[in-house]
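Colleague: I have this model open and would like to learn how to read it. Could we go through it feature by feature?

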Amino acid sequence: MSLKFFFHPLASYCQKVLIALYENGTPFEPHVVDFSNEASAAAFRKLWPVAKMPVLRDDARDRTIPESSIIIEYLAQHYPGPAELIPAEAELALQTRLRDRFYDLYVHEPMQRIVGDRLRPAGKNDPHGVEAAKAQLQLSYGMIDEEMAARTWAMGDAFTLADCAAGPPLFFANKLMPFGGSHEKLARYFERLTRRPSFARALAEAEPYMKFFPG
Ligand SMILES: N[C@@H](CCC(=O)N[C@@H](CS)C(=O)NCC(=O)O)C(=O)O
């Protein structure tokens, strides 16, 4: 099989790409990366020295593609399917990419910072960093709540890259700082995301590992 996907089912950025793969029924060979296994970690570092998951390897085109958004763009370009995750129209595509950046930088990043702090050794915590991350999440929740007042998906009627980017960090952020009672429209959007078969499948596959989430 041409496409090899290096990932872990619990890793939120990997779930973002899994959603895109499942939306289009793109065939791929799964390769689970286990950072607790030195051989697996070393093989992954060889592929992408930054060692952040996910990474896509395309043997047919001899390309190694890191970074979740770039992988989804690459798939849209070279392995398109029925779901147009990046709209063809230039202005809509720009807006979609902006929302993808928003979810990565202002929901995913602060969520990861809070999780990362919980995994630090005793005495090495960063309460100031956690406070700033929580304030960022609070701000982002408010922005999403307002934006989703009249939308089904992040870009309107069509499910796009922006929704792939939104689901996983909202899932974990909601465990750390629940938005259900305070942000009704965001909560309804999140519910729609969890019912989307592509995301529901990624979450079901992550379920056996959920016990490792420090939430
Ligand atoms: N900007 C990257 C972020 C990827 C990322 O943060 N991946 C996490 C898993 S969700 C990871 O590999 N963490 C391992 C580590 O930091 O050692 C992307 O969009 O793919």
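Modeller: Gladly, and let us start with a pair of strands. Strand E3 (residues 55-58) and strand E4 pair in the antiparallel sense over 4 bridges. Helices (H or I, at least four residues) and strands (E, at least two) are DSSP runs, numbered from the N terminus, and two strands pair if DSSP finds at least two bridges between them. Please keep in mind that this is a predicted model, where local features need pLDDT of at least 70, side-chain atom pairs count only at pLDDT 80 or more, and totals for chains, interfaces and linings use all residues. Residues are numbered from 1 along each chain as its sequence is written.

Colleague: Which residues of E4 stand opposite Asp58 and Arg57?

Modeller: In general, strands of a sheet pair through backbone hydrogen bonds, either parallel or antiparallel. Here, Asp58 stands opposite Arg63 in E4, and Arg57 faces Thr64. Leu56 has Ile65 as its bridge partner in E4.

Colleague: What is the phi of Asp62 in the hairpin of E3 and E4?

Modeller: Most residues other than glycine have a negative phi, and most peptide bonds are trans. The hairpin of E3 and E4 has 4 residues between the strands, and Asp62 takes a positive phi near 50° there. As for the peptide bonds, a cis one joins Met53 and Pro54, with omega about 5°. Pro54 sits in the loop between helix H2 (38-47) and E3.

Colleague: In what order do the 4 strands form the open sheet?

Modeller: The order is E2-E1-E3-E4, with mixed pairing. Strand E1 (residues 3-7) and strand E2 (residues 29-32) pair in the parallel sense over 4 bridges, with Lys4 opposite Glu29 in E2. E1 and E3, in turn, pair in the antiparallel sense over 4 bridges, and Phe5 stands opposite Leu56 in E3.

Colleague: Why is one side of E2 and of E4 left without a neighbour in the sheet?

Modeller: E2 and E4 (63-66) stand at the edges and have a single partner strand each, so one side of each lacks a neighbour in the sheet.

Colleague: Which residues are around the ligand?

Modeller: Such a list rests on a distance rule: a residue is near a molecule or strand if its C-beta atom, placed from the backbone, lies within 6 Å of it. The residues around the ligand are Ala11, Ser12, Tyr13, Lys52, Met53, Glu67, Ser68 and Ser69. Helix H1 (12-23) and helix H3 (68-78) each supply at least two residues of this shell. By class, the shell has 3 nonpolar, 3 polar and 2 charged residues, where Ala, Val, Leu, Ile, Met, Phe, Trp, Tyr, Cys and Pro count as nonpolar, Asp, Glu, Lys and Arg as charged, and the others, Gly among them, as polar.

Colleague: Where do the domains of the chain lie?

Modeller: The domain assignment gives domain 1 (3-78) and domain 2 (90-200); such bounds come from an automatic or database domain assignment. Their C-alpha centres lie 21 Å apart. For contacts, 9 residues of domain 1 are in contact with 13 residues of domain 2, where contact requires C-beta atoms, placed from the backbone, within 7 Å. H1 gives the most to the side of domain 1 that touches domain 2, with 7 residues.

Methods
Two residues are in contact if their C-beta atoms, placed from the backbone, lie within 7 Å.
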